[in-house]
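Please look through the model below with the sequence at hand. The paragraphs that follow go from the surface to the cores and then to selected side-chain pairs.

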Amino acid sequence: MSSPVINQDMILEILSRFPASDVGKSRLLNKECNKRSYESWFLNLNHDRTNSISGYFAQYNGGEYNYHTRFIHEKTVSENNGVSIDFLPPGKVKIEACDASHGILLCVNETRPSVTEYIVCKPTTKQYQIIPNPTMQTFAVSFGLAVNRLNPFRYKILRLCRLPGILNRSHRTFVSEVFDSYSFTWKRINNLRLPRKDGLIPSNPVHASRFLHWLSRDDNVIRFCLKTETWSFFKTPNFGVSPTLVRYEGKLGVSRWWMTGSGEELNRLWVLKSSFEKSWVKVKDIKRMGIGENVLWTPSNDMVTLSSWDRLWLYNVNTQKLNMIHVKKESTNYVLLPFRSDYERVDMDESRELQLSQRPIGSR
């Protein structure tokens, strides 16, 4: 007796009502289900049915380290739904890192000169948690934030700062610290060392397949494993110029600009074959629109977010339709952080309570 044929449309109809975390687990069912669940029609339906929001946090320096933020929705007809960080304690608040899939931010708040506090928050539910300050007080170059689990709520933060002291002629060294919400403490790990001719490009790293990824100035990928807390490195495709790291169908991707023999300008998208390999597979070519755009993000496998000096666009790769979603009013550079979140509360106090319960009574 033959096995019954699985109706993919029926499966996706059911999955569209599941939270994003459950959809992620269901993508392992088969390749077709995996691919179609990354298409924009499914993601939009899933957002609507699970009361989720998707867009970008825009941040800029208004002078004297007073940072201003606003949330930009991917749907131009949608309101911000009250998404902001205005609920955080007063001070000079700056977003330092974002988990793009779970709607969790890491902020640093300067409450008074030279006094800072580190805050993990979920803007959609207006929850926040103040965590201990790092042990190293030197200037931070970059941060990474990754949520490991939602129930119980678990996350890790990676902080990179320059090694104080005499410069090494052959290497650049960055002191590395990790905060684990389970232990609620920071710890030093092996330093990040790069060749002197190379360097780290400070940015919000791309979280894919349990790794954090940065781009280096020599077009290498700097990869941090969240499980083993170790570093590794590999090259981006040797093709085109101006690489940009993105996440595509849950994997690490890179976009590189190039020009055909006929003079047509394209962004070629590549995807890492698997998290255990360092080889790239070509996915598609994305026609450049001639608006001075850069690839910012890939919210689905058929949509690309493009940014120019003063505008933000959504580009449909299949229809080649361009939709403007934001016009910048300020004459300054934005930092744009991809952001997706539901409105379900997370138990931020559980990790802290567990950590306190494990201490001797006299030390609490």
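Which residues form a nonpolar patch on the surface together with M10? The patch consists of M10, I14 and F18, and together they have about 290 Å² of accessible area. Patches are made of residues with over 30% relative accessible area and no salt bridge, where like charges are joined within 9 Å and nonpolar side chains (Val, Leu, Ile, Met, Phe, Trp, Tyr) within 5 Å. The areas come from the Shrake-Rupley method with a 1.4 Å probe, and for residues only the protein chains shown count as cover. M10 belongs to helix α1 (residues 8-15); helices (H or I, at least four residues) and strands (E, at least two) are DSSP runs numbered from the N terminus. With a relative accessible area of 53%, M10 is exposed. Buried means under 20% relative accessible area, exposed over 50%, and partly exposed in between (1.4 Å probe, protein chains only).

This is a predicted model, in which local features need pLDDT of at least 70 and side-chain atom pairs count only at pLDDT 80 or more, while totals for chains, interfaces and linings use all residues. Residues are numbered from 1 along each chain as its sequence is written, and side-chain values use heavy atoms, with hydrogens and water left out.

In soluble globular proteins, nonpolar side chains tend to be buried together. A nonpolar core here is a set of buried Ala, Val, Leu, Ile, Met, Phe, Trp, Tyr and Cys residues joined through side-chain atoms within 4.5 Å. The largest one has 35 residues, and those with the most contacts inside it are L245, L252, W280, W297, L312 and L336. A second, separate core of 19 residues includes L106, I131, V346 and M348. Contact means heavy atoms within 4.5 Å. Beyond its neighbours within four places in sequence, W280 is in contact with residues including V221, F234, K235, L252 and W270.

Another tryptophan, W186, lies in strand β10 (residues 185-195) and is buried at 10% relative accessibility. Apart from neighbours within four places in sequence, its contacts include Y118, I131, P132 and F179. A polar atom of the W186 side chain lies 2.7 Å from the backbone oxygen of P132.

The structure also holds 16 salt bridges, each being a side-chain nitrogen of Lys or Arg within 4 Å of a carboxyl oxygen of Asp or Glu. In one of them, the closest N and O atoms of R36 and E32 are 3.7 Å apart. Why are these two about one helical turn apart? R36 and E32 are 4 residues apart in helix α3 (residues 31-36), which means a separation of about one helical turn. E32 is partly exposed, at 42% relative accessible area. D9 is linked with E32 and R36 in a network of salt bridges.

Other salt bridges join strands or loops. D218 and K235 meet at 4.0 Å, N to O. This pair links distant parts of the chain, with D218 in the loop between β12 (211-215) and β13 (220-225) and K235 in strand β14 (residues 231-235). D285 and R268 meet at 2.8 Å, N to O. D285 lies in strand β18 (residues 280-287) and R268 in strand β17 (residues 265-272), so the pair ties together parts that are 17 residues apart in sequence. D285 is partly exposed, with a relative accessible area of 28%, whereas R268 is buried, at 11%.

Notes:
Polar contact = N/O pair within 3.5 Å; in protein donor to acceptor, adjacent residues only side chain to side chain.
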